[in-house]
Amino acid sequence: MKKKSLLSINKESIEAICIDDFAIKKRKSYGTLMIDLTDGKVIDPIESREKKDVVSWLSLFPNIEFVSRDGSPTYAAAIREAHPEAHHISDRFHLVKNLTDAITLYLYSVLSGRIIIPLTKEQHAMNLLLTTKSSRRDKILWVKALASQGRTLQEIRSQTRCSFQMIRKYMRMHEEEIPKESVDQRGQEHKKAVQKVIGRAEAVIALREKGYSIRKIADETGYTMKTINNYLASDFNPVHGQYGVQRNGKLAPFRNEVIALRSKGTTYKEIYTSICKKGYTGSEAAIRQFIAKEKRLRSDLKDEETADATEIVERKWLVKLLYKPLDKVKAISSEQVKNVFQKYPVIETLFRLLGEFKGILQSGKKEALHKWISEAESLKLKELVSFLNGMKKDIEAVENACILSYNNGLAERSINKLKTIKRIMYGRNSFELLRNKLLLLEARKFN
């Protein structure tokens, strides 16, 4: 009798539903959950997401007119078989997510980890610091040069920011005591690695000029065809795309602030004290190492065209803008974004298309959708082809997503509730017990 009370629902009254799958045992077995779109109540879960089981289950509800679902072809086919006249509605969240994922793939295919763009005004002071040599040898030579010009100790101090004691020490140094120029070990290793890649690329180019095919070059050198095509590309860069990309660490949130303070002559101790008050828990030595690394990276980029008028933006911050507004991504400025768009116009187009797509899904005007698809197809980007083809195959459901308010948010909420019940009953629940407990909670909530 208890089981009957749990299932006492008027199936003829159900007209609008959303369905989604959930993991019973992750990567092994899955179920399907049905939610009433009119009040958000869980109608019923079943222990399968196979087409024949879903068809049999849906057929128990004879008056279903609207079904919100994700892009699953299995669910689409099951709904068409059980209710041929029902209106399918694609979930807006999944549509936007799939488009965002496609754009992300494109960004990763065309951009390296560190993007070189024209210098922005707000980064000028930082780049002055990073491109200015400030080794001990340079400071000694600077002090000696100023002293030879007859400058006073106070004048030398104001320009070099060295203490009076250090200035006197540098002025007394003989030529043989001045340290020689040196490159740190990591810098040397990087230069060797770059030269090695250049040598490989030159060998591949030489073989190509002799008339060798890509396949023959691969047989001759042992390199993959993808590597060979990279070496032969007109925009080939021997510097690894991820070279110098900052890993998220304790200092990451304070990166720009540290460089800005250091460019103004603030001491490391003062910088350390300042950012500690804002939550920094690392060491002062880490700040010194960070500045030294940034200087080395700028030095490595000196061979790049117009390096003195450029700066570096990390790709990951640009990718974040696909998911968050600009004011929520503090590591990149509007001027930097503008410079990236000027260098890569197609990326600006993709960002615009993403914003327009979100607007179309909320507009209630399905006509704009077809115009948007035509423009997106005109870009001829392979990363978008799969998304656009899938959307065109399910175009009626996508059109309904534009004009109807239904979505799968209710399903996601209910699945989270079901997962919580699973965790509470971990190792002790059969599917029938899980189902009954979920339906009992729903009955208490709505009664």
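**Close-up views of a predicted chain**

**View 1. Ser48 has a relative accessibility of 10% and therefore counts as buried.** The limit for a buried residue is under 20% relative accessible area. The model shown here and in the other views is predicted. A polar atom of the Ser48 side chain lies 3.0 Å from the backbone nitrogen of Glu50. Which residues does Ser48 touch, once residues up to four places away in sequence are not counted? They are Tyr30, Gly31, Thr32 and Asp53.

**View 2. Five strands make up an open sheet.** The order of the strands across the sheet is β3-β2-β1-β4-β5, and their pairing is mixed. Which strands lie at the edges? The edge strands are β3 and β5, and each of them pairs on one side only. On average, neighbouring strands of the sheet are turned by 25 degrees against each other, with direction ignored. Helix α2 lies across β1, β2 and β3. The angle at which α2 runs to β2 is about 25 degrees.

**View 3. Strands β2 and β3 run antiparallel.** Strand β2 covers residues 29–36, and four bridges join this strand to β3. Within this pair, Thr32 of the chain stands opposite Ile46 in β3. Thr32 is also one of the residues that Ser48 touches.

**View 4. Strand β4 is joined by bridges to β1 and, in a separate pairing, to β5.** Strand β1 (residues 16–25) and strand β4 (residues 66–69) run parallel, with three bridges between them. Here Ile17 has Val67 in β4 as its bridge partner. Strand β5 (residues 87–90) also runs parallel to β4, and four bridges join these two strands. Where is the bridge partner of Arg69? The partner is Ser90, in β5. On the way from β4 to β5 the chain passes through helix α3 (residues 73–82), and this β-α-β crossover is right-handed.

**View 5. Met34 lies in strand β2.** Is Met34 buried or exposed? Met34 is buried because its relative accessible area is 0%, and a residue counts as buried under 20%. Leaving aside neighbours within four places in sequence, Met34 is in contact with Ile17, Cys18 and Ile19, with Lys41, Val42, Ile43 and Asp44, and with Trp57, Leu58 and Phe61. Among these, Ile17 has its bridge partner in β4. Asp21 is 13 residues from Met34 along the chain, and the C-alpha atoms of the two residues are separated by 9.1 Å.

**View 6. Arg27 and Lys380 are loop residues with a positive phi.** Arg27 is in the loop between β1 and β2. Its phi is about 70 degrees, although Arg27 is not a glycine. Arg27 has a relative accessible area of 70%, so this residue is exposed; the limit for exposed is over 50%. Lys380 belongs to the loop between helix α18 (367–378) and helix α19 (382–393). Phi of Lys380 is near 55 degrees, again a positive value in a residue other than glycine. With a relative accessibility of 73%, Lys380 therefore counts as exposed.

**View 7. Helices α16 and α17 pack against each other.** Two packed helices are described by the angle between their axes and the distance between the axes. For α16 (residues 334–343) and α17 (residues 345–363), the angle is about 115 degrees and the axes are 4 Å apart. From α16, the contact uses Phe341, Gln342 and Lys343; from α17, the contact uses Pro345, Ile347, Glu348 and Phe351. Of these residues, four are nonpolar, one is polar and two are charged. Which residues of α16 are buried? They are Gln336, Val337, Asn339, Val340 and Phe341. The cover over these buried residues includes β6 (114–118), β7 (310–314), α15 (315–320) and α17.

**View 8. The whole chain has 447 residues.** How many helices and strands does the chain have? There are 22 helices and seven strands. Buried residues make up 38% of the chain. Among the contacts with a separation of 6 or more, 63% are between residues 24 or more positions apart.

Notes
Residues are numbered from 1 along each chain as its sequence is written. This is a predicted model: local features need pLDDT of at least 70, side-chain atom pairs count only at pLDDT 80 or more; totals for chains, interfaces and linings use all residues. Side-chain values use heavy atoms; hydrogens and water are left out. Two strands pair if DSSP finds at least two bridges between them. A crossover is right-handed if, with the strands pointing away from the viewer, the path from the first strand over the helix to the second runs clockwise. Buried means under 20% relative accessible area, exposed over 50%, partly exposed in between (1.4 Å probe, protein chains only). A polar contact is a pair of N or O atoms within 3.5 Å; within protein, one must be able to donate a hydrogen and the other to accept it, and residues adjacent in sequence count only if both atoms are side-chain atoms. Contact means heavy atoms within 4.5 Å. Axes are lines fitted to C-alpha atoms, for helices over the stretch in contact, and angles run from 0 to 180 degrees between N-to-C directions. Ala, Val, Leu, Ile, Met, Phe, Trp, Tyr, Cys and Pro count as nonpolar, Asp, Glu, Lys and Arg as charged, and the others, Gly among them, as polar.
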